[in-house]
Amino acid sequence: MAAFSWPHEAELNRMRKVVSEMAGVDKEKVRVVVSPYRICPLGAHIDHQGGTVSAMTINKGILLGFTPSGSSEVVIRSGQFRGEVKFRVDEVQQPRQPLQNNNVNQTKDSSQQEECEWGRYARGAVYALQSRGNNLSQGIIGFICGSDGLDSSGLSSSAAVGVAYLLAMEYANNLSISPKETIDYDRLIENEYLGLKNGIMDQSAILLSSPGCLMFMNCKTKEHTLVHLPEANSEPQKAIKILLALSGLKEALTNNPGYNRRVAECQEAARILLQASGDNKADIILSNVDQEVYEAHKGKLEQNLAKRAEHYFSESMRVMKGREAWALGRVEDFGKLIAASGLSSIKNYECGAEPLIQLYQILLKAPGVLGARFSGAGFRGCCIALVKADHAAEAASFVRSEYLKVQPELASRANEETAVLICESGDCARII
């Protein structure tokens, strides 16, 4: 996995050219924020229960070319959307009404509605920085775009966008802000300004990752560690790639009642198990239930609740084993754990739209694939897979062909070149 295979110099030059023409400045004065997308190989559906999850950035994501505006004015254009966002950093930004879905890339019927969606993240960055007492006097003139074909893909594009705007505003205003502080600021954008109920794993992965590493985060304590493949043997890192297989489904997560229902079922399982153990004080989440308590009292759970709890405890074990496998360079063992995670998501957590399940099954049959699972909740977006590098192109071709057979309409929505992408481990967000 190459460390800096994205962005290409041609992409950077395009960003610089667009912004230099927008602002009337030399290209040398234009900076570019690189804010990567992330995948979560292990830890499916346990973050909301305080479980430990894993994440890794990839060499795809958001690019934001910008230059200080020389005034308080902010002017942003987009490579994906119509219109122009304009406001001033000395205006007080107020939290907006919660978004009815968390798809920042959904097509709207008018420029005004589009601005209402994609423009919120720039305003949200200003809101977050203002709310903690930072003095903002410089706006930015900028141009933002995402990797082709990856909108609504379940790769946390919203967090990548928020981080990009924060880094640009911090740079323009000479603010010395640590990555961990920026993580908190991005939470303010999503939780307070936009009203989304997101955690901190996405932002943390985007801001703290490094090439070839996995971030493991305890979602209850918010503590994280970075685990690298063995330094003494770089071959495993070079020998694997990441496949992103797009389903063509772009329905927003919040429009699917199944997600919230499953969260409630996990909490109900936790309530019964904690009550059975005599613990009436702990927060009602499954991470507060000891494994021994679960084993002793799981018979008290009705079928659906038993399945949700089984997924939580088995997935937590897979995360623990996955951390050890990755640290030892046992990528094939790690891949088997990813496949088992995908199966438990289907059988025990009972999530995943039919096209995503079909895509998961196709990936597991593809040549050289070590493991696969949904990216995100499995109700839209894509599946991810770990694949041997020398089989990656063959596997991608196989998946495109087989998915077209079972879902011709959805498969036809994707550009053939971006329907299945071969990716690599990425770096953290940064300014070039």
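By class, the lining of the second largest pocket in this predicted model comprises 5 nonpolar, 9 polar and 4 charged residues. The space that lies in this pocket amounts to about 390 Å³, and of the 18 residues that line the pocket, Trp-6, Glu-11, Lys-60, Ser-147 and Asp-148 are the closest to its centre. At least two lining residues of the second largest pocket are supplied by each of three elements, namely helix H1 (9–23), strand S2 (52–68) and strand S5 (140–146). Among the contributors to the lining of this pocket, strand S2 gives the most, with 4 residues.

Confidence in the model was considered next. The chain has a mean pLDDT of 88, and 89% of its residues reach 70 or more. Over residues 99–115, however, the pLDDT is below 50, although this stretch has 43 contacts in the model beyond near neighbours in sequence.

Rolling a probe the size of a water molecule over the atoms shows where empty space is left. A search of the whole structure finds 2 cavities of 30 Å³ or more. The largest cavity has a volume of about 50 Å³, and its lining is formed by Ile-39, Pro-41, Met-56, Leu-214, Ile-242, Trp-326, Phe-334, Ile-338, Ile-384, Ala-385 and Leu-386. Two or more of these lining residues are given by helix H10 (331–347) and by strand S10 (382–388), and the largest share of the lining, 3 residues, comes from strand S10. Divided by class, the lining of the largest cavity has 11 nonpolar residues, with no polar and no charged residues.

The second largest cavity holds about 40 Å³ of space. This second cavity is lined by 10 residues, of which Trp-6, Asn-59, Gly-426, Asp-427 and Arg-430 lie nearest its centre, and the elements that give two or more residues to its lining are strand S1 (31–39) and strand S2. Its lining residues divide into 5 nonpolar, 3 polar and 2 charged.

The packing of helices was described for two pairs. Two packed helices are described by the angle between their axes and the distance between the axes. Helix H4 (residues 179–193) packs with helix H5 (residues 201–208) at an angle of about 145°, and the axes of these helices are 9 Å apart. The crossing in which H4 passes H5 is right-handed. On the side of H4, the contact is made by Pro-179, Thr-182, Ile-183, Asp-186, Arg-187 and Glu-190, while H5 contributes Gln-203, Ser-204, Leu-207 and Leu-208. The residues of the contact between H4 and H5 divide into 4 nonpolar, 3 polar and 3 charged.

For the other pair, helix H11 (residues 354–365) and helix H12 (residues 392–406), the packing angle is about 145° and the axes lie 10 Å apart. The crossing of H11 and H12 is right-handed. The contact is made by Pro-355, Gln-358, Leu-359, Ile-362, Leu-363 and Lys-365 of H11, together with Phe-398, Val-399, Glu-402, Tyr-403 and Val-406 of H12. By class, the contact of H11 with H12 consists of 8 nonpolar, 1 polar and 2 charged residues.

Definitions and conventions: Residues are numbered from 1 along each chain as its sequence is written. This is a predicted model: local features need pLDDT of at least 70, side-chain atom pairs count only at pLDDT 80 or more; totals for chains, interfaces and linings use all residues. Side-chain values use heavy atoms; hydrogens and water are left out. Axes are lines fitted to C-alpha atoms, for helices over the stretch in contact, and angles run from 0 to 180 degrees between N-to-C directions. A crossing is left-handed if the near helix is turned anticlockwise from the far one by less than a right angle, and right-handed if clockwise. Contact means heavy atoms within 4.5 Å. Ala, Val, Leu, Ile, Met, Phe, Trp, Tyr, Cys and Pro count as nonpolar, Asp, Glu, Lys and Arg as charged, and the others, Gly among them, as polar. On a 1 Å grid over the protein atoms alone, a cavity is a set of points where a 1.4 Å probe fits but cannot get out, and a pocket is an open set with protein on both sides within 12 Å along at least five of seven lines; lining residues have an atom within 4 Å of a point. Grid points are joined across faces, edges and corners, and a volume is the space filled by probe spheres set on the points. pLDDT is the predictor's confidence in each residue, from 0 to 100.
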